Amino acid sequence: MKYLATFCLAAALALPGSALPPQPSPSPASTPKVKNPQDARKAYETGAQLLQKKRFKEALTYFNDAIEAQPGFVKAHALRGVCYFVMDDAPKALTELDTALELDPENGLSQWARGQVYFYLGDSKQAIKDYDRFLKTQPENSHAYFYRAVAHYRLGELAPCVTDASKSIEFAPETADAFAIRGAAYLRENHTQSALNDFKTAATKQPDNGLYQALQYVGTIAAGKPDVGPLTTYVRSTTNHDWPYPVAQVLTNSITPEQCLKLADSSFTRKV
């Protein structure tokens with residue numbers, strides 16, 4: 001949850017019109033008395049700055065003040081929803097984001113953030129609907145294409161998964177994640193060489209990521225050229241790896257293809 005929540009926060013605040021210019025850190029000692037829309041705007045800006053600094057509880061207080069003074073303040077509802085989400089309260093996050101979208105159905109921040117909440121909750125169909133709406137106004141957002149690709153993968157919709165992963169790669173070729181999910185979709189479609197190529201790319205871009213080293217091993221198995229070398233090198237090079245099987249099992253080459261394939265699939269079908 002923490003990775004996805006932080007990612008959602010970073011991506012949300014990077015949307016046009018959402019981030020604010022650097023300002024002095026607000027004092028947490030007290031919140032302003034909010035009496036009118038002008039004060040509401042100041043409270044919102046302070047809350048947004050605190051949210052960027054990951055001071056979530058303090059930020060929430062300012063968003064509460066802004067909304068109390070101006071209940072129809074769409075951006076304040078949206079960022080209060082994001083705040084609840086990163087504080088692991090998905091139901092409250094949905095309530096806030098629903099409210100924001102009722103007030104302004106075209107608000108991109110709310111569309112994106114609600115899609116992320118549904119993604120976390122495992123509701124891939126609803127997440128895709130929100131990503132669809134978001135991408136109509138942000139057609140070059142690589143993050144949204146990646147998450148929509150994973151949502152399609154969860155539903156077994158492999159062709160649109162490949163399409164979205166490819167779009168994510170088009171707009172952010174430096175990242176590894178989209179190569180990994182596209183490789184997983186190729187693997188399910190039995191395009192083994194394409195899967196291996198994508199897994200190799202993901203592992204090369206993130207050599208310290210145990211999952212991507214494992215996926216590369218999966219790809220070599222599927223392509224009929226089993227090679228545990230990259231995975232062995234990874235396990236030997238770190239003591240804090242995320243590979244779930246014992247190191248000895250890797251080094252004795254006794255990991256079964258079934259274990260690797262199961263890991264590859266569960267990596268993208270789990271909630272987070």
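Which hand does the crossing have where α9 passes α10? It is left-handed: α9 passes α10 in a left-handed crossing. The model is predicted.

1. **Overall make-up.** The chain holds 15 helices and zero strands. It has 272 residues, and 50% of them count as buried. Take the contacts in the chain with a separation of 6 or more: 55% of these join residues 24 or more positions apart.

2. **Helix α10, its length.** This helix covers residues 177-188, which makes 12 residues. At 1.5 Å a residue, α10 should span 16 Å. Its end C-alpha atoms lie 17 Å apart, which agrees.

3. **Helix α10, its burial.** Of the 12 residues of α10, 11 are buried, so the helix is largely enclosed by the rest of the structure.

4. **After α10.** N190 follows the helix. Its phi is positive, near 65 degrees.

5. **α9 against α10.** Helix α9 covers residues 158-171. It packs on α10 at an angle of about 155 degrees, and the two axes are 9 Å apart. Angles over 145 degrees count as roughly antiparallel, and that makes α9 roughly antiparallel to α10. From α9, the contact uses L158, C161, V162, A165, S166, S168 and I169. From α10, it uses A178, F179, I181, R182, A185, Y186 and R188. By class, this contact has 10 nonpolar, two polar and two charged residues.

6. **A helix reading of that contact.** An α-helix has 3.6 residues a turn, so residues three or four places apart point the same way. On α10, A178, I181, R182 and A185 are among the residues that meet α9.

7. **α5 against α6.** How do these two helices run, roughly parallel or roughly antiparallel? Helix α5 is residues 90-103 and helix α6 is residues 108-121. Their axes come within 10 Å and cross at roughly 150 degrees. That makes α5 roughly antiparallel to α6. The crossing of α5 past α6 is left-handed.

8. **The α5 and α6 contact.** On α5, the residues are A90, A93, L94, L97, D98, A100 and L101. They meet S110, Q111, A113, R114, V117, Y118, Y120 and L121 of α6. This contact of α5 with α6 divides into 11 nonpolar, two polar and two charged residues.

Notes
Residues numbered from 1 in each chain as written. Predicted model: local features only at pLDDT ≥ 70, side-chain atom pairs only at ≥ 80, totals over all residues. Heavy atoms only, no water. Helix = DSSP H or I, 4+ residues; strand = E, 2+ residues; numbered from the N terminus. Expected span 1.5 Å × (residues − 1). Buried < 20%, exposed > 50% of the residue type's maximum accessible area, 1.4 Å probe, protein only. Axes fitted to C-alpha atoms, helices over the stretch in contact; angles between N-to-C directions. Parallel < 35°, antiparallel > 145°, perpendicular 65-115°, else oblique. Left-handed = near helix turned anticlockwise from the far one by under 90°. Contact = heavy atoms within 4.5 Å. Nonpolar A, V, L, I, M, F, W, Y, C, P; charged D, E, K, R; others polar.
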